[in-house]
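These are my notebook entries on a single structure, set down in the order in which I looked things up. The sequence and the model are shown first.

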Amino acid sequence: MDTIGQRTPLIDGIEKVTGRARYTADLPFGETLVGRIRRSAVAHGVIRRIDTSKARALAGVRAVITGEDFAAPYGVIPIAQNEWPLARGKVRYRGEPLVAVAAVDDATAQAALAAIDIDIEPLPAYFSAADARADGAVLLHEKKVGNIEREVDHTFGDVELGFAQADLVREQTFHYAEVAHGQIELNAAVAEYEPERARLTTHSVTQVPYYLHLTLAQCLGMDTSQIRVVKPFVGGGFGHRVEPLNFEMVTAALARAAGGTVKMKQSREDSFLTHRGRPETDIRLKIGLRRSGQITAVDCEIVQRGGAYGGYGLVTILYAGALLHALYRVGAVKYRGYRVYTNTPPCGAMRGHGAVDVRHAFESLLDSMARELNLDPFALRRANLITPPYRTLNDLQVNSYGLPECIDWVEQESGWKARHGKLPRGRGLGFACSHYVSGSAKPVHWSGEPHAVINLKLDFDGGITILTGASDIGQGSSTLLTQVVAEVMHLPMQRIRVVATDSALTPKDNGSYSSRVSFMVGNAALRAAEALKRVLIDAAAKRLEASPDDIEWLGESARVCGTDRALEFKQVVQAALADTGTLTVKGAWSTPPETQGGKFRGAAVGSTAGFSYAATAVEVSVDEDTGAVKVERVWVAHDCGRALNPLAVEGQVQGAVWMGMGQALSEETQYHDGLHLRPNMLDYRIPTIVESPRIDVHLVESNDPLGPFGAKEASEGAIHSFAPALTNAIFDATGIRLTELPATPDRVLDAIVARRRAEKLRKAVADKG
């Protein structure tokens, strides 16, 4: 009955591939009201009037609401709650929700929105971090001087001494475009309000049902006991849904105002305007190296264009600095970070939260410096490897570290020694490393409760039901929990079912973000299964008149060691239920204190119970006449601790690589005076199967001492190393160093042309000399 380590199809795969899976927009609620939102056409301004009288007078309109109908603002971070579900007092970006209606059909809803008279007095608007920070800029939010949401100033070690001890010091600036998540499923919510009972039930696409539950109560001024949140099937998230989103609160408020059920289905453009993607980022990075490749000092400054509201912003800017650590040994680190408010859609968390851009900068500059020192890029990384257990300068704990094995595999499989620098012109190999957390060691909402709880129910039918609040958003967490319970119980997976993410039935879970579910919820499931097995062993011992220590648990049976006295599983269940009836046991898990970071301000961000590691090599071909870059092949080794389900883990790693390829090659949001220029899948260029290369995945198992069966993060670590491996490969192919992403043909061609001009100028100067 071994299930851990087996290539196991996802337990919800049949529903997905047959079309039987019901997503939020598919749910059969019968007749529902249609919810629609009108958005601001002004990027920044004072709301002078929203006259809804004509809309309310239309036949078929059941509710009209504005920002005044909410009790409080919201935000996923308790100390940064400054966004209203519908704008109140001011608008701060073009496309911000202003007013919403519920009507009997879509045509009536659209007519009602058009009938609303809105008057907004424009204010100066700022669409770049530099403009928002300029002297005299109007503040988007009171008391946020310089439009800075969060400023970070962290220094660890003697940075000046580190640079003085270096044999080579180099500094470079980098620029990264804002990118969006591009999840397949469009945003949707269905809210049902029962006026007689004053109860609200919301079904939504969320990754964080618990945080949504709290936010609904806060924004609507309701007691949490009056609210039920259910997450159906979700078609991807990648961070877009790791915080409560405005349309969810708006749908609920409409349902309450109408005294019925409201369905809100949004367009792709709505998703782009709701956003929460990776922010436009500027980085200045300085690194000092010894001739051996040892990193003596790092000085990094990052400015992020965060958009109009707080969201996850203060966490994002802290992650960017925290994860300068824990990949390599570094002598000293200085980090300055600025999260800036601008009149653009709010940014937030996205796969690889906070660290993707700075990892590209770091690995790119390392590659350039290795060339100057005549060091192989692999040798440079090996000069800075960690030996666990290891405590970083900023108090992060590393307990397992499979990066050396990752590096070895990628070097061999890519044929690095024989091919790097030796391929034909226009063809190149690049390499980079990366890491990521296995969940945040401290939750967003610190309540003292366990980080994860699993309930197991066993009844007369002999089936075990896993009750979990963990959100399966396509990553396979429900399958993983089933495998863990089956492994501990020595039972077939067919005996186990999962009931997930219904606040009326399942225990609270913080949600699917920062790759926390496998590590944290997996540990809770393991403990719950062990507790249930102990109960069954005790019941079998009592029925067989033996000591529990003498019971051999075989899964489908239990027997007294050394005898033929045994009970079938069904008989053990009957014995266990004899006195109590239905059994429910609980497993809980929290991160150990030593993994929760240091005591300085912001220390919790970046702390984790386990870091994953990855190494990536990319082979590219570059057309120097057009600037077009083609990824020919990718090799990626990922240290996942232990692959509980290698089939799913390999898919997650491939997905991370593919998503990294999008950011590296083609994806970027663009605005003109705050107007989104690419709010669709035609203009926002996500790679298709045509651009997808062969991706060879190797799983390294370092067996983390805290992870369930040794497992740790598997979905995000590899995304960080793809982009630098790609641009390092472009350098190998063409001799140009790209410091701006994405590497679109126009940017690559501009760099090639600039290099050719520089070469001609140098030649002309040499000829004259």
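I call a residue buried when its relative accessible area is under 20%, exposed when over 50% and partly exposed in between, with a 1.4 Å probe and protein chains only. The structure is a predicted model, in which local features need pLDDT of at least 70 and side-chain atom pairs count only at pLDDT 80 or more, while totals for chains, interfaces and linings use all residues. Residues are numbered from 1 along each chain as its sequence is written, and side-chain values use heavy atoms, with hydrogens and water left out.

**Entry 1: helix 9**

I took helices (H or I, at least four residues) and strands (E, at least two) as DSSP runs, numbered from the N terminus. In helix 9, I found Gly313, Leu314, Val315, Thr316, Ile317, Leu318, Tyr319, Ala320, Gly321 and Ala322 to be buried. Helix 9 (residues 313–322) is largely enclosed by the rest of the structure, because 10 of its 10 residues are buried. I then asked which elements the buried residues of helix 9 pack against. They are strand 7 (148–156), strand 14 (295–307), strand 15 (333–341), helix 10 (356–372) and strand 18. Contact here means heavy atoms within 4.5 Å.

**Entry 2: strand 26 and its partners**

Two strands pair if DSSP finds at least two bridges between them. Strand 18 (residues 427–437) pairs with strand 26 in the antiparallel sense over 11 bridges, and glycine 430 has valine 618 of strand 26 as its bridge partner. Strand 26 is also joined to strand 27 (residues 629–639) by 10 bridges, again antiparallel. Within that pairing, threonine 616 has valine 636 of strand 27 as its bridge partner. The hairpin of strand 26 and strand 27 has 6 residues between the strands, and glycine 627 takes a positive phi near 80° there.

I next looked up how many residues of strand 26 (residues 611–622) are buried. The count is 12 of 12, and strand 26 is mostly covered. In a regular strand the side chains alternate between the two faces of the sheet. For strand 26, one side carries Phe611, Tyr613, Ala615, Ala617, Glu619 and Ser621, the other carries Ser612, Ala614, Thr616, Val618, Val620 and Val622, and all are buried.

Two packed helices are described by the angle between their axes and the distance between the axes. I used axes fitted as lines to C-alpha atoms, for helices over the stretch in contact, with angles from 0 to 180 degrees between N-to-C directions. Helix 14 (residues 477–489) packs with helix 15 at an angle of about 30°, their axes being 8 Å apart. The contact of helix 14 with helix 15 has 13 nonpolar, 3 polar and 2 charged residues. In this scheme Ala, Val, Leu, Ile, Met, Phe, Trp, Tyr, Cys and Pro are nonpolar, Asp, Glu, Lys and Arg are charged, and the others, Gly among them, are polar.

The axes of helix 15 (residues 517–544) and helix 16 (residues 569–580) come within 8 Å and cross at roughly 90°. That makes helix 15 roughly perpendicular to helix 16 (under 35 degrees is roughly parallel, over 145 roughly antiparallel, 65 to 115 roughly perpendicular and the rest oblique). Leu536, Ala539, Ala540, Lys542 and Arg543 of helix 15 meet Phe569, Gln571, Val572, Gln574, Ala575, Ala576 and Asp579 of helix 16. I recorded these contact residues as 7 nonpolar, 2 polar and 3 charged.

**Entry 3: the sheet under helix 16**

Helix 16 lies across strand 22, strand 23 and strand 24, at about 90° to strand 24. These 3 strands form an open sheet in the order 22-23-24, with antiparallel pairing. Strand 22 (551–553) and strand 24 (566–568) are at the edges with a single partner strand each, so one side of each has no neighbour in the sheet. Neighbouring strands of this sheet are turned by 15° against each other on average, direction ignored. Strand 23 (residues 557–560) pairs with strand 24 over 3 bridges, and alanine 558 stands opposite leucine 567 in strand 24.

Strand 8 (residues 168–176) is joined by 9 bridges to strand 13 (residues 280–289), running antiparallel. Strand 8 also pairs with strand 31 (residues 740–741), here in the parallel sense over 2 bridges.

Is threonine 66 buried or exposed? Threonine 66 counts as buried, at 12% relative accessibility. Threonine 66 is placed in strand 3 (residues 61–66). Not counting residues up to four places away in sequence, threonine 66 touches Ile50, Thr52, Leu86, Leu98 and Val99.
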